[in-house]
Amino acid sequence: MSDLAIELHGVGKKYRYFTLDNIHLELAPGQIMGLIGPNGAGKSTTIRILLGLVHQDHGEVRVLGHRMPSEQVAAKWDIGFASDDMRLYEAMTLEWHMNFIRSMYPGWDPAYAQLLLKRFGLREEQKIKGLSHGQRVKATLLLVLARRPKLLVLDEPTTGLDPVARHEVLRELTDVMADEGRSILFSSHNTQDVEQISDQITFIDRGRIIDSMDKEAYLDRWRRLRLEVPLGVTLSALPGIIGIRQAGRLAVATANDFVPDLASAYVNAGARLQCIENMTLEEIFVANVEHSREEVEA
Amino acid sequence: MSQSVVQQLIVKDLRLHRLHILLSLGCGAIALALLQIRSEIPFVVGCVWFFISLIVLGSMLPVSNIINEKKKQNLAFVMSLPVSSIQYATSKLVSTVGMFLAPWLMLVIAGVALILGRSDIPDGFIPALLILSGMTLVGFCVIAAAAVVSEAEGPTIAATILCNSTYGLGWYLVIRNPAVRHDLLSPVPVWSSYMLTFLGLELAVVAVVLGAAYYLQSRKRDFV
């Protein structure tokens, strides 16, 4: 049996207007993976499949060593799941919810729950309907984190949060990782949040995983080359360059596998190198999605 | 462990809806109190209230306990707990039926006791009371089954409208039966074959409807 926290191999699911196609995903214990994709890319469907909530049409899913969806009940004892469309019972207090979860989970940590109450500025006697959106998200996370799950699966947890609340939530997730046995799968379309806490990044678009690697590898390998091109010269895409936009005498080449020789090659082709820029994760994400779509449509 | 989670889910539903149950019981108790007044109008009003409290509870519980959990996005919270979709459906069926049956039984037993305790109401009313109350139980089961299977507001509302508009006709057909009318005024309950067949049919429909709902849910592959 593999030690991986999450394993998806050749997973697919067909709906009338959407297909999740041949998903491969692996997450090692102690790692944080950011699953980034535009709205409707398949992030939530992937997460529902790996939680066993939706049956895949084909492919194999294992979570914490459990085959999904058949062993979902056993797996979910050690999975903490929160999503942006998850709501607690409005008429009840946070204390009621804490008691409800505590009655089920033997691993509930009351001291940690109290600590989270303080850190998140929540009051357990308050009814859920009286909480702001940010407080509701924090209350949900409290209920998830105080169970001390081995795997956290968070589907867009920071959506709609103000910057302070986002910072608090992300800091808490980073603290959770102090326990090296824990893993987090974190889906978002907000690349800043993902960049802040993730070790690995997976890009998903239109039901396909278009790229997956270490965050540092992305940031190291992706570059933007700004070039000045003499009139009449058209630059071609070299290996490692995924796209060139040329307007008059100016050209921008985007590299997904940058090596210094690429710059030399364009200089040898007659261009003048203005600068080589690092790219943010958001820029890498957008370039990756556009490139993937162009490839599919070609 | 999962059995205890199912139990916890059932207890959770009871806690969430205890106010509804208490309100229905209160309404039923007021109806029974009105029936204690020895006058025609309070008797009629009491009878109407008695059945309305059963009908309202039977229409409201499936919506608030099953449909609203999905509509108000609480289902995602429950899905994250260590339960499968069939265990969740089981907890919903048990809690919804249990929450209806408890006040239903209390009110029906109280109604029977009231008839037995009052000399001016013939005991022959008891079989009719059971049959008419049984219709509200059947109606509730149909609405609950529609809610559990469809998990959607539309079919549940359709089932509610269908059941609620059928009660009047059903009651009329029972009461207009000459044998039933005759037996109503009997000083002792008369368990005619017509009455027993009707009661048996009601119980059979309850069993078939709930069994079918459970069977259909057990074939469902996905939680959402």
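**Two helices side by side**

Tutor: Let's start with the pair itself: helix 4 of chain B and helix 5 of chain B are roughly antiparallel to each other. Keep in mind that this is a predicted model. Helix 4 covers residues 85–117 of chain B and helix 5 covers residues 125–150 of chain B, and the two pack at an angle of about 165°. Angles over 145 degrees count as roughly antiparallel, which is why the pair gets that description. Their axes are 11 Å apart, and the crossing of helix 4 of chain B and helix 5 of chain B is right-handed.

Now for who meets whom. Helix 4 of chain B brings residues including B:Ala89, B:Leu93, B:Val97, B:Phe100, B:Trp104, B:Val108 and B:Ile115. From helix 5 of chain B come, among others, B:Phe125, B:Ile126, B:Leu129, B:Leu137, B:Phe140 and B:Val148. Sorted by class, the residues of this helix 4 and helix 5 contact in chain B are 15 nonpolar, three polar and one charged.

Chain B also touches chain A. That contact takes 20 residues from chain B and 18 residues from chain A. On the chain B side, the elements giving two or more residues are helix 1 (2–36) and helix 3 (75–79) of chain B. Helix 1 of chain B gives the most, with five residues. By class, this side of chain B has 10 nonpolar, six polar and four charged residues.

Over in chain A, look for the sheets. One is an open sheet of six strands in the order 6-7-8-3-9-10, with mixed pairing. Strand 6 (79–83) and strand 10 (208–214) of chain A stand at its edges with a single partner strand each, so one side of each has no neighbour in the sheet. On average, neighbouring strands here are turned by 15° against each other, direction ignored. Inside this sheet, strand 7 (residues 151–155) and strand 8 (residues 183–188) of chain A pair in the parallel sense over five bridges.

A:His291 lies in helix 10 of chain A, and with 16 C-beta neighbours inside 10 Å, A:His291 counts as partly exposed. Setting aside neighbours within four places in sequence, A:His291 is in contact with A:Ile242 and A:Gly243.

The other sheet to pick out in chain A is open too, with four strands in the order 2-1-4-5 and antiparallel pairing. At its edges stand strand 2 (19–27) and strand 5 (66–68) of chain A, each with a single partner strand, so one side of each is left without a neighbour in the sheet. Neighbouring strands of this sheet are turned by 25° against each other on average, direction ignored. Six bridges join strand 1 (residues 6–14) of chain A to strand 2 of chain A, and A:Leu8 stands opposite A:Leu25 in strand 2 of chain A. Finally, helix 1 (residues 43–50) of chain A lies across strand 1, strand 2, strand 4 (58–63) and strand 5 of chain A, at about 115° to strand 1 of chain A.

Technical notes: Residues numbered from 1 in each chain as written. Chains lettered and ligands numbered in written order. Predicted model: local features only at pLDDT ≥ 70, side-chain atom pairs only at ≥ 80, totals over all residues. Contact = placed C-beta atoms within 7 Å. Nonpolar A, V, L, I, M, F, W, Y, C, P; charged D, E, K, R; others polar. Pairing = 2+ DSSP bridges. Axes fitted to C-alpha atoms, helices over the stretch in contact; angles between N-to-C directions. Parallel < 35°, antiparallel > 145°, perpendicular 65-115°, else oblique. Left-handed = near helix turned anticlockwise from the far one by under 90°. Buried ≥ 20, exposed ≤ 12 C-beta atoms within 10 Å, placed from the backbone.
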